[in-house]
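Me: I'd like to learn how to read contacts and aromatic pairs in a model like this one. Can you walk me through some cases?

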Amino acid sequence: MKYNKSLEILIFVKAKTPSYFAGYKGTTIVYNSCWFLNFINDNESINLYMAESLIIPKGASKSEKYEALLPQLKALIHYESDLTANLANISSALNMAFDFLWVGFYLSNQEQLVLGPFQGPIACTRIPFGKGVCGTAYSEAKTIIVEDVDAFPGHIACSSDSKSEIVVPIIKDGEVKLILDIDSDSYSSFNEVDQKYLEQVASFISDKL
Ligand code: SME
């Protein structure tokens with residue numbers, strides 16, 4: 001799709017309630033009562049480019065929700081180069097789609113991990129490499145799924161409500177640059193389905209680094 005800002009027509013649709021759009025493509029949850037629809041004329045066709053809101057199928061399986069969410073996440077960060085802005089929107093989108101306890105990022109400053117954009121309760125600001133689930137995922141450069149945080153040696157409890165966790169490293173040029181951390185207030189919330197899709201999210205982020 002060609003993007004030519006001069007040809008962009010912005011259509012702003014505002015509903016009184018988010019449920020106004022509930023009939024869109026079957027039963028959906030639309031977060032945000034405002035839709036920004038950009039029609040972009042690429043001289044061949046009129047494309048619909050949607051951003052600023054999320055459409056997540058209601059009552060769908062975890063895979064179906066990720067399948068719906070991932071193209072929207074990719075679109076959300078496509079035209080933005082600022083890492084902080086993209087991490088903020090990704091953590092918000094994941095939280096809105098799945099209602100996790102905590103979703104966020106820790107970034108490497110070459111000495112330790114430092115808290116980045118997140119959604120959820122306040123959290124520990126610095127984590128040494130090799131410590132906790134985050135520091136271990138960083139040092140081992142691999143995704144870690146923890147079904148019961150109390151059973152993970154050295155787990156760092158930022159919130160006593162956290163019961164299970166997944167941490168996904170974001171790797172660029174063979175080096176872990178940051179990690180995505182998600183906490184749930186239920187045991188065993190994460191499995192290979194989350195790993196598969198969240199590693200795709202990590203790949204989107206890596207492509208923007
Ligand atoms: N539990 C993490 C610390 C970060 S918080 O969960 C937000 C860990 O053990 O590294």
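Me: Which residues does N86 touch, leaving out those up to four places away in sequence?

Reply: This is a predicted model, by the way. Leaving out residues up to four places away in sequence, N86 touches L76, I77, E80, S81 and K208. N86 itself sits in helix α2 (residues 83-98).

Me: Is N86 buried or exposed?

Reply: Buried, because its relative accessibility is 5% and the cut-off for buried is under 20%.

Me: OK, now rings. What describes a pair of aromatic rings?

Reply: The distance of the centres and the angle of the planes. Here the count comes to seven aromatic pairs. Take Y66 and Y197: that pair is stacked, at 5.1 Å centre to centre with 5° between the planes. Y66 belongs to helix α1 (residues 62-78) and Y197 to helix α4 (residues 192-208), so the pair links distant parts of the chain, 131 residues apart. Both Y66 and Y197 are buried.

Me: Why is the pair of W102 and F118 stacked?

Reply: Because the ring centres are 5.2 Å apart and the planes lie at 20°, and stacked needs planes under 30 degrees apart. This pair also links distant parts of the chain: W102 is in strand β6 (residues 102-108), F118 in strand β7 (residues 112-119), 16 residues apart.

Me: Which residues form one aromatic cluster?

Reply: Y66, F98, F100, F190 and Y197.

Note on methods. Residues are numbered from 1 along each chain as its sequence is written. This is a predicted model: local features need pLDDT of at least 70, side-chain atom pairs count only at pLDDT 80 or more; totals for chains, interfaces and linings use all residues. Side-chain values use heavy atoms; hydrogens and water are left out. Rings of Phe, Tyr and Trp (its six-membered ring) pair if their centres lie within 6.5 Å; planes under 30 degrees apart count as stacked, over 60 as edge-to-face and the rest as tilted. Helices (H or I, at least four residues) and strands (E, at least two) are DSSP runs, numbered from the N terminus. Buried means under 20% relative accessible area, exposed over 50%, partly exposed in between (1.4 Å probe, protein chains only). Contact means heavy atoms within 4.5 Å.
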